[in-house]
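This report describes selected local features of one structure, from helix packing to individual loop residues. The sequence and the coordinates are shown first.

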Amino acid sequence: METPGSQSSLHRANLERVVRAVRLAGSLTQAEIARTTGLSAATVSNIVRELKDGGTVEVTPTSAGGRRARSVSLSGDAGIVIGVDFGHTHLRVAIGNLAHQVLAEEAEPLDVDASADQGFDRAEQLVNRLITATGVDRTKVAGVGLGVPGPIDVESGTLGSTAILPGWGGTKPAEELRERLGVPVHVDNDANLGALGELVWGSGKGVRDLAYIKVASGVGAGLVIDGKIYRGPGGTAGEIGHITLDESGPVCRCGNRGCLETFAAARYVLPLLQPGHGPDLTMEGVVRLARDGDPGCRRVIADVGRHIGSGVANLCNLLNPSRVVLGGDLAEAGELVLGPIRESVGRYAIPSAARQLSVLPGALGGRAEVLGALALALSEMGDSTLLEGALPAAAPAFT
């Protein structure tokens, strides 16, 4: 039996520190593990050898700084996580392992008027289909990350009012899906998950402070501060779409006038162009036409970029992030939208904050949120179960 402060409990704590560092990063060299955990190189070497012998981690040769090194990742069969992303018109599901490898991924259309029950039933069916297709062991599913396009109350897990999925407000998405799948489910809004996805797999890799701006049917931001998602006490941090740009502007769905969303979101932007391009025009189509040289689409995208830049400038002045990542269909416009964003940031942000900021397009496109859901499941799972029974019986931490 372990007692606090004993050698066995200290050893167990060090094992969990190493496993957690590797789990969150996907893979690390032993030197990086030492820097991340604060453990000595010798201690890390001994722990990695023990974990490798127990089948918890895999070690492969690599190089770092021109020198030979060993890359450590969790074993591919140590566990499975699932990501589920509900969007305005889509449902996307991904299955991955603890080594950050995506094993399967599929998306299908979702009727915007579908009820919450219909949506969760569809998610359950798609998850089961992918599990069957990949042949993974269902008992190894460690958890599910779930993304929804609306604010989540941190304490109750209740989805706030959302115009993007009408009728879903007041539901408890994590609870609903947990009852269907029988495994732990962790939920967050889509902008936060986009930030997590880009942080772990995309344009945010290597930074500790960033804002992920998603422009779609609404406008939201996922905020990463010191490497962690910042949600605020009520879960509504990052509602950049409701920064006021014009007190006499259009009425927003939130009830205020002139919010950033009324100048940048698809529902407000598309009607400007539909008279000349037809009622079926989408933001994806606007971006494509703009890249092909359509002057009206290029002008609208530039205007949207300048408006977004005003909101980003406010973020710079308040939080001083080192990077802003633009997601959603608009990111595909490249410099047509990024240039105007930088122009507004340079005009309205504190000069020192503007100089330190880089503005980049997302690297993951429409996959950012579902990969962020995988990252959420990875970050929320515990490490104890990964160690139980994985190490030799003689290991002091398990006596």
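The sections below take up the basis of the values, then the helices, then the loops.

## Basis of the values

The structure is a predicted model, in which local features need pLDDT of at least 70 and side-chain atom pairs count only at pLDDT 80 or more, while totals for chains, interfaces and linings use all residues. Residues are numbered from 1 along each chain as its sequence is written, and side-chain values use heavy atoms, with hydrogens and water left out.

Helices (H or I, at least four residues) and strands (E, at least two) are DSSP runs numbered from the N terminus. Residues are called buried under 20% relative accessible area, exposed over 50% and partly exposed in between, with a 1.4 Å probe and protein chains only.

Helix α1 covers residues 7-25 and includes Asn14. Asn14 counts as buried because its relative accessibility is 11%. Contact here means heavy atoms within 4.5 Å. Apart from neighbours within four places in sequence, Asn14 is in contact with Leu39, Thr43 and Ile47.

The axes of α1 and α2 (residues 30-37) come within 10 Å and cross at roughly 110°. That angle makes α1 roughly perpendicular to α2, a class that runs from 65 to 115 degrees, with angles under 35 counted as roughly parallel, over 145 as roughly antiparallel and the rest as oblique. The axes are lines fitted to C-alpha atoms, for helices over the stretch in contact, and angles run from 0 to 180 degrees between N-to-C directions. The crossing of α1 past α2 is right-handed, meaning that the near helix is turned clockwise from the far one by less than a right angle. On the α1 side the meeting residues are Arg17, Val18, Ala21 and Val22, and on the α2 side they are Ile33, Thr36 and Thr37.

Which residues of α3 are buried? They are Val44, Ile47, Val48, Glu50 and Leu51. Seen down the axis of α3, these buried residues fall within an arc of 165°, so they line one face of the helix; the arc is that of the directions from the helix axis to the C-beta atoms. An α-helix has 3.6 residues a turn, so residues three or four places apart point the same way. On the other side of α3, Ala41, Ala42 and Asp53 are exposed.

The 13 residues of α3 should span 18 Å at 1.5 Å a residue, and the end C-alpha atoms are 18 Å apart, which agrees. The expected span is 1.5 Å times one less than the number of residues.

Gly54 lies in the loop between α3 (41-53) and β2 (57-64) and is partly exposed because its relative accessibility is 21%. Gly54 and Leu387 are 333 residues apart in sequence, yet their C-alpha atoms are 8.6 Å apart. Gly55, which follows α3, has a positive phi near 85°.

Asp226 belongs to the loop between β10 (219-225) and β11 (228-229) and is partly exposed at 48%. Asn320 is in the loop between α10 (295-319) and β12, and at 37% relative accessibility is likewise partly exposed.

Gly328 is placed in the loop between β12 (323-327) and α11 (335-348). Its relative accessible area is 23%, so Gly328 is partly exposed. Not counting residues up to four places away in sequence, Gly328 touches Tyr212 and Val215. The C-alpha atoms of Gly328 and Arg138, 190 residues apart along the chain, are separated by 32 Å.
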